[in-house]
Amino acid sequence: MLENGGYDLNCVTLRNDTSYTIRMMLTISKKLTLAFVVLTIIILIATLGLARWSFERGFLDYINTIEKIRLETLAESLAKEYANADKTWSTLNEEMFGRLIHHTRSKLNPLPPPGHRPPASKRNKAHPRRTKPPTALYNAKGTLIRGRDISNTKGDMISVPILLDSVRIGELRSHPQRHFATPAEAAFSQQQLVTSSLIAILSLILAIVIAWLLTRILLSPIRHMNKGVSLLSNGDYSIRLKNNGSDELGQLMRDLNHLADILEKNRTSQRRWLADISHELRTPVTVLTGEIEALKDGIRPLDMKQVVSLDQEISRLRYLVEDLYQLSLADIGGLRYTFEILDITIIIESVVNSFLNRVQERNLKLSCTAASRVKINGDKQRLIQLFTNLLENSLAYTHAPGEIKIEILTDNQRAIIKIQDTPPGVEASKCKKLFEALYRQESSRNRHIEGAGLGMAICKSIVEAHAGEIEASPSALGGLCVTIYFPFIK
């Protein structure tokens with residue numbers, strides 16, 4: 001903050017840049033390694049802490065068990081002294097009581113667990129005197145006889161009854177040990193702590209190495225995917241990732257390969273689409289330009305024949321632009337539909353009736369048969385457009401004399417409409433391509449058949465909008481068979 005109460009923007013920017021740099025430095029590999037190491041440290045601290053606590057508790061319990069055994073041994077000696085003194089404690093003086101205590105302690109002096117050796121610096125020195133817990137003797141009524149009174153001391157006590165012929169004649173009491181009292185015990189505890197620390201350090205180093213190796217192994221496919229995505233973003237759709245895994249990363253790599261396939265096909269389709277559109281638009285424009293230039297130069301007279309020719313080319317251009325517009329709306333979901341319950345049989349029959357004159361002019365036969373009346377939920381105008389496009393396609397590609405046959409069938413769940421015609425036919429391998437925009441069966445661009453190959457693509461869009469399916473296959477009549485499936489209303 002500045003003296004005038006404002007903020008130094010340079011400092012704020014520097015802090016933001018620093019925090020951003022720190023975040024960027026923590027790559028996934030470093031984050032995983034750090035996570036493994038932190039998890040290992042937490043587990044080591046918890047494990048070694050519990051082990052240390054368990055060791056201290058166990059070792060102190062061991063010492064207190066020895067203390068209880070000592071009191072039981074001392075109780076047996078005191079019972080004998082009590083019996084020898086005509087069953088009285090009056091002859092037991094402090095010196096005799098101390099001698100018995102010293103005897104039992106020297107006999108049951110607790111030693112460190114097997115395998116422990118004191119440090120070399122202390123091995124030849126005299127063993128320091130241990131701080132001994134006080135031992136007190138009480139009679140059967142709980143009155144102190146010998147030793148220091150510890151009946152009012154806080155905490156638990158170790159107590160052992162003194163029995164003579166199964167009769168309680170007194171009680172021995174002592175404090176349990178709650179910490180290491182001798183240098184030997186402390187040295188042994190320190191040795192265990194050092195050993196545990198060395199084990200923890202070695203475990204941590206091993207965890208870092210394993211974490212580094214695991215990170216490299218786990219992130220190897222991610223690095224390959226990152227490289228592949230970078231190439232895809234730069235427009236190289238030929239990249240394919242090698243995938244041998246069946247886990248989530250393997251599935252992601254397969255999805256990326258599938259995405260690359262789709263992008264490559266879409267780019268090829270887009271290029272072909274642009275080339276076909278430019279050709280389809282150029283043909284009528286070129287014809288119009290040539291005829292207008294001929295009229296301007298006086299090569300051709302401006303009569304009704306030329307007006308009709310110009311009108312035909314303009315109509316062709318208008319139909320092409322309209323089809324392109326309709327198809328673009330279908331691709332972006334812009335076509336509007338008004339659904340209602342309709343009799344699909346009536347709609348098809350009305351479309352068939354509108355084609356009868358044109359069919360007869362081309363020396364063709366057109367028939368429509370329906371097993372029963374079928375109702376579906378659909379848009380009337382779009383369905384008329386659908387069947388009009390399909391009949392236009394059959395009419396354009398069926399040689400005379402020929403036949404166009406329409407069948408309306410049903411199964412348990414769907415209405416089935418089949419439109420078949422006579423030769424020429426379509427190879428089975430090319431049937432799926434008929435629903436691609438601008439696809440035409442002829443390879444030549446000098447087409448004698450009107451249309452730009454957009455009608456079938458528009459038909460597919462309309463059928464899918466009605467939750468239906470459309471497919472093409474070779475017809476039993478020798479031409480093409482288009483089958484449409486609609487869910488019908490029972």
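Arg 414 and Asp 411 form a salt bridge, with their closest N and O atoms 3.5 Å apart. The term salt bridge here means a side-chain nitrogen of Lys or Arg within 4 Å of a carboxyl oxygen of Asp or Glu. Side chains of opposite charge can pair when their charged atoms come close. Arg 414 is partly exposed at 30% relative accessibility, and Asp 411 is partly exposed with a relative accessible area of 30%. Buried stands for under 20% relative accessible area, exposed for over 50%, and partly exposed for values in between (1.4 Å probe, protein chains only).

A word on the source: this is a predicted model, where local features need pLDDT of at least 70 and side-chain atom pairs count only at pLDDT 80 or more, while totals for chains, interfaces and linings use all residues. Residues are numbered from 1 along each chain as its sequence is written, and side-chain values use heavy atoms, leaving out hydrogens and water.

Searching the whole structure turns up six salt bridges. One of them joins the side chains of Arg 358 and Glu 392, at 2.7 Å from N to O. This pair links distant parts of the chain, 34 residues apart: Arg 358 lies in helix H8 (residues 344-361) and Glu 392 in helix H9 (residues 380-397). Helices here are DSSP runs (H or I, at least four residues), numbered from the N terminus. Arg 358 is partly exposed at 33%, and Glu 392 is partly exposed at 30%.

Now turn to Arg 168, whose side chain meets that of Glu 171 in a salt bridge (2.8 Å, N to O). Arg 168 is partly exposed at 41% relative accessibility, whereas Glu 171 is buried at 13%. Together with Arg 173, these two residues are linked in a network of salt bridges.

Key:
Helices (H or I, at least four residues) and strands (E, at least two) are DSSP runs, numbered from the N terminus.
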